[in-house]
Amino acid sequence: MTFESIILKLAPFTYIDNKQEVHWGTWSYLSDGDKIITSVEVLLIVLFTWYMIKLITSWKKDKKQINILSNLLEKYRTKIKENYTDGHLDISSEYTELLEEINDSNPKLQKLWKEFDESLIKKADGNKFTIRNSIDAEYFFNKKTMISHLGSKLFSSIPGMLLGIGLLGTFIGLYFALIQMDVTNADKLRESIKILINMVGVKFAASIWGLGLSVIFTYADKQLESGLKKKLDRIQVIIDQIFIRETAEQNLDGILLQNTQQTKALNGLATALTEKIANEFNTTLIPKIALMNTHFENMPQHISNSINETTLSNI
């Protein structure tokens with residue numbers, strides 16, 4: 001057989017005639033072994049095509065969502081750069097507008113951003129509103145949350161399934177070739193062995209299809225994933241740039257500092273209040289108490305004088 005014939009025999013609906021030539025043929029021209037191999041090859045092609053379409057559809061959906069978020073972040077990053085010429089980036093003043101655009105963009109993206117929004121530290125100091133990030137963007141915006149087919153047991157099992165079906169087809173084809181051997185006499189056995197040896201290579205066509213399609217599917221999956229992963233990395237970098245990081249430890253230190261300052265202020269207020277009360281007591285209350293004591297001391301004399309005056313007037 002020529003090289004072209006060997007390659008052609010890998011295709012479904014092909015058979016080998018008595019002259020060892022490969023031809024295209026309908027189902028009726030195929031031997032039982034060729035029918036099995038053809039059926040397996042068609043099944044592999046159908047499965048590969050179906051799941052490849054699903055993979056590409058999922059990739060397009062994920063790409064659209066990632067592009068929406070990436071474009072929004074790039075837009076506000078550029079806007080912030082124009083407002084902060086010193087290189088300092090802070091989304092606080094533009095965050096409300098960004099949040100509105102994200103909420104109007106994509107339901108899944110809206111849900112994911114809501115989880116990220118709940119982790120932000122929001123502070124209001126008079127008219128100034130600040131936002132600080134407490135967790136890395138990678139925790140929320142990663143392959144598992146934004147690339148839908150990753151982690152799916154179905155997609156991860158496709159390469160192994162294709163390879164397994166190919167091997168199964170090969171062994172079934174070999175099984176049919178072996179049970180059709182004629183061992184009634186030496187001449188027929190010799191002829192059967194010759195046919196079997198010639199056909200063994202053909203039966204491996206199913207395995208070649210299974211292995212080849214498995215490699216192609218895996219390669220396509222990794223290439224599509226790689227393109228999305230690069231954009232995700234860019235999204236993580238932009239978020240970490242425009243959302244100033246404030247860790248839980250830093251936040252606790254700030255709270256501790258505020259408590260210390262408040263304690264000092266309260267202590268100062270208590271001291272001032274004590275001094276004020278003591279001063280008022282000394283300047284106002286004590287003289288009045290002294291005056292009252294004087295009145296009490298003079299009260300018996302006043303009473304005695306009043307009694308004497310009353311008695312004398314009656315006499």
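Helix 3 (95-103) and helix 4 (107-118) pack at an angle of about 145°, with their axes 9 Å apart; axes are lines fitted to C-alpha atoms, for helices over the stretch in contact, and angles run from 0 to 180 degrees between N-to-C directions. Helices (H or I, at least four residues) and strands (E, at least two) are DSSP runs numbered from the N terminus. Helix 3 contributes Tyr95, Leu98, Leu99, Ile102 and Asn103 to the contact, and helix 4 contributes Leu109, Gln110, Trp113 and Asp117, contact meaning heavy atoms within 4.5 Å. By class, six nonpolar, two polar and one charged residues make up this contact, where Ala, Val, Leu, Ile, Met, Phe, Trp, Tyr, Cys and Pro count as nonpolar, Asp, Glu, Lys and Arg as charged, and the others, Gly among them, as polar.

The model is predicted: local features need pLDDT of at least 70, side-chain atom pairs count only at pLDDT 80 or more, and totals for chains, interfaces and linings use all residues. Residues are numbered from 1 along each chain as its sequence is written, and side-chain values use heavy atoms, with hydrogens and water left out.

The protein chain holds nine helices and four strands, in the order α-β-β-α-α-α-β-β-α-α-α-α-α from the N terminus on. Of its 315 residues, 32% count as buried (buried, under 20% relative accessible area; exposed, over 50%; partly exposed, in between; 1.4 Å probe, protein chains only). Among contacts between residues at least 6 apart in sequence, 70% join residues at least 24 apart.

The largest nonpolar core has 29 residues, a nonpolar core being a set of buried Ala, Val, Leu, Ile, Met, Phe, Trp, Tyr and Cys residues joined through side-chain atoms within 4.5 Å. Leu69, Leu73, Leu98, Trp113, Phe141, Ile239 and Phe243 have the most contacts inside this core. At least two of its residues come from each of helix 2 (32-83), helix 3, helix 4 and helix 8 (205-242). Leaving aside neighbours within four places in sequence, Leu73 is in contact with Leu98, Trp113, Ile235, Ile238, Ile239 and Ile242. Another core, of 19 residues, lies apart from the largest one and includes Ile37, Phe48, Tyr51 and Ile165.

Nine aromatic pairs are found in the whole structure; rings of Phe, Tyr and Trp (its six-membered ring) pair if their centres lie within 6.5 Å, with planes under 30 degrees apart counted as stacked, over 60 as edge-to-face and the rest as tilted. Phe116 and Phe140 form an edge-to-face pair, 5.5 Å centre to centre with 75° between the planes. Phe116 lies in helix 4 and Phe140 in the loop between strand 4 (128-132) and helix 5 (143-146), so this pair ties together parts 24 residues apart in sequence. Phe116 also pairs edge-to-face with Phe243, at 5.4 Å centre to centre and 85° between the planes. As Phe243 lies in the loop between helix 8 and helix 9 (248-314), the pair ties together parts that are 127 residues apart in sequence. Both Phe116 and Phe243 are buried, and Phe140 is buried as well. One aromatic cluster is formed by Tyr95, Trp113, Phe116, Tyr139, Phe140, Phe141 and Phe243.

Glu115, in helix 4, is partly exposed, with a relative accessible area of 39%. Lys63, in helix 2, is also partly exposed, at 29%, and touches Leu228 and Lys231, not counting residues up to four places away in sequence.
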